[in-house]
Amino acid sequence: MNDFQTIRDEFPLFANKIHLDVAFKCPLSNRLVQAMTGFLVDYQMTGGNKQSWLGMVERARSIFSRMINVKPEDISFIKNTSEGLNTIAWGIGLTPGDNIILNDLEHTNNVQPWLNHQRFGVEVRWVRNQNGRILPDAVKERMDGRTRVVSLSSVQYKNGFRSDLQGIGELCRKSDILFVVDAIQHLGVLSLDAKRLNIDVLCCGGHKFLLGPHGIGVMYVSESCVNRIIPPFAGINSKNQVVESRQELSGKKICFGGDTRKFEYGYMNFVGIAGLMASAEMLMETGANTIEQHVLRLNHALVNRLQQHGAHLISPLGDHERSAILTVKLKDPQHFESIMLKNNVIATVREGTLRISFHYYNTIGDFDPLIECLMLANEIDR
Ligand SMILES: Cc1ncc(COP(=O)(O)O)c(C=O)c1O
């Protein structure tokens with residue numbers, strides 16, 4: 001499917017609002033709502049069939065594996081990005097004196113899981129952004145023999161800066177450092193090949209650019225490092241076995257499976273997976289490259305217009321640095337927000353900035369009311 005009008009028709013919210021806020025939370029498509037209600041109605045009327053639910057989980061796994069070019073068994077379902085990052089932070093066996101490299105643009109959900117290990121003597125090292133950019137050389141400078149992890153958002157939530165995953169991935173690979181990517185502002189709207197980029201772990205909540213519901217997301221852990229990460233949680237749904245063991249007092253011992261499915265434990269969020277899978281299928285029908293080209297065209301068009309009107313853009317604008325997020329500095333955020341609200345435009349106003357984020361259902365025409373709001377608020381010239 002490549003007809004962007006048909007895609008837009010999937011999102012009834014556009015009948016009365018202009019949604020430019022997917023970096024916060026996505027508008028819901030008809031396909032998602034039908035999949036989730038369909039799941040619940042079937043469960044209600046038939047009592048549900050766990051085998052068929054588990055079959056659905058495997059189909060969903062396979063769709064996500066195609067999306068990022070990995071194997072289905074390298075994907076597990078998580079509640080949200082933080083759950084994935086915490087799983088890794090607890091699972092890799094950090095010891096006192098180890099260090100983790102973060103940067104000063106990261107979202108708090110990719111900071112707190114690591115800060116939580118400072119109390120065990122783990123050091124968190126910060127890379128300073130350079131005009132809104134996190135550069136490979138700056139990451140390299142912070143690395144040493146005790147660096148265990150570099151954890152990085154592939155697209156920064158504040159300014160939309162798209163990181164050089166290839167460059168940073170290569171640095172990590174050379175020094176045997178775990179490369180962890182938070183892809184929540186990336187996956188679903190920009191292409192990503194986890195294999196080619198040397199990504200060891202990728203975590204992504206479903207409710208932003210993947211166009212899914214809350215409370216469900218995906219985690220990828222590469223085959224080459226999955227055995228180094230011990231699941232902090234275990235249960236009947238983990239790909240594990242409880243085996244008889246003479247060494248253990250209880251006579252029983254746990255043996256985890258050898259792939260990423262071992263991070264799943266109890267009953268799963270099946271209805272969430274039904275919704276997320278419907279969205280992922282819809283995205284895959286168009287394809288990541290086509291979606292990326294569309295949103296980068298939107299990015300260029302919006303930047304041109306904002307610049308013509310003298311806006312103060314703070315997003316990096318290099319060729320490979322652009323994403324589906326653009327941020328503008330505001331003079332009077334409160335006033336602007338009230339004007340946006342009155343005009344049925346949805347975007348994020350925060351910390352003195354306006355964050356505009358878009359997806360393949362948006363058109364260049366969606367920027368007209370936004371520009372008008374900026375003019376009405378005297379944020380930009382007429
Ligand atoms: C970069 C980044 N990571 C993580 C999150 C959210 O984390 P979670 O999926 O755990 O709610 C956000 C969103 O607000 C984000 O922008």
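**Close-up 1. The ligand shell by residue class.** In this predicted model, the shell around the ligand is made up of 10 polar, 2 nonpolar and 1 charged residues. The ligand is surrounded by 13 residues. Asn80, Thr81, Ser82, Tyr157 and Gly205 are the closest of these.

**Close-up 2. The two domains of the protein chain.** Domain 1 is assigned to residues 4-27 + 287-376, and domain 2 to residues 31-284. A distance of 28 Å separates the C-alpha centres of domain 1 and domain 2.

**Close-up 3. Contacts between domain 1 and domain 2.** On the domain 1 side, 23 residues are in contact with 22 residues of domain 2. Two elements, α9 (288-308) and β11 (325-329), each give two or more residues to the side of domain 1 that touches domain 2. Helix α9 supplies the largest share of that side, 5 residues. By class, the side of domain 1 that touches domain 2 holds 11 nonpolar, 7 polar and 5 charged residues.

**Close-up 4. The buried residues of helix α11.** Helix α11 spans residues 367-376, and its buried residues are Phe367, Leu370, Cys373 and Leu374. These residues lie on the same side of α11 because they cover an arc of only 120° around the axis. An α-helix has 3.6 residues a turn, so residues three or four places apart point the same way. The packing partners of the buried α11 residues are β1 (18-19), α9, α10 (333-342), β12 (345-346) and β14 (353-357).

**Close-up 5. The residue Asn378 after α11.** Asn378 follows α11 and has a positive phi, near 60°.

Notes
Residues numbered from 1 in each chain as written. Predicted model: local features only at pLDDT ≥ 70, side-chain atom pairs only at ≥ 80, totals over all residues. Domains from an automatic or database assignment. Contact = placed C-beta atoms within 7 Å. Helix = DSSP H or I, 4+ residues; strand = E, 2+ residues; numbered from the N terminus. Nonpolar A, V, L, I, M, F, W, Y, C, P; charged D, E, K, R; others polar. Near = placed C-beta within 6 Å. Buried ≥ 20, exposed ≤ 12 C-beta atoms within 10 Å, placed from the backbone. Arc of directions from axis to C-beta.
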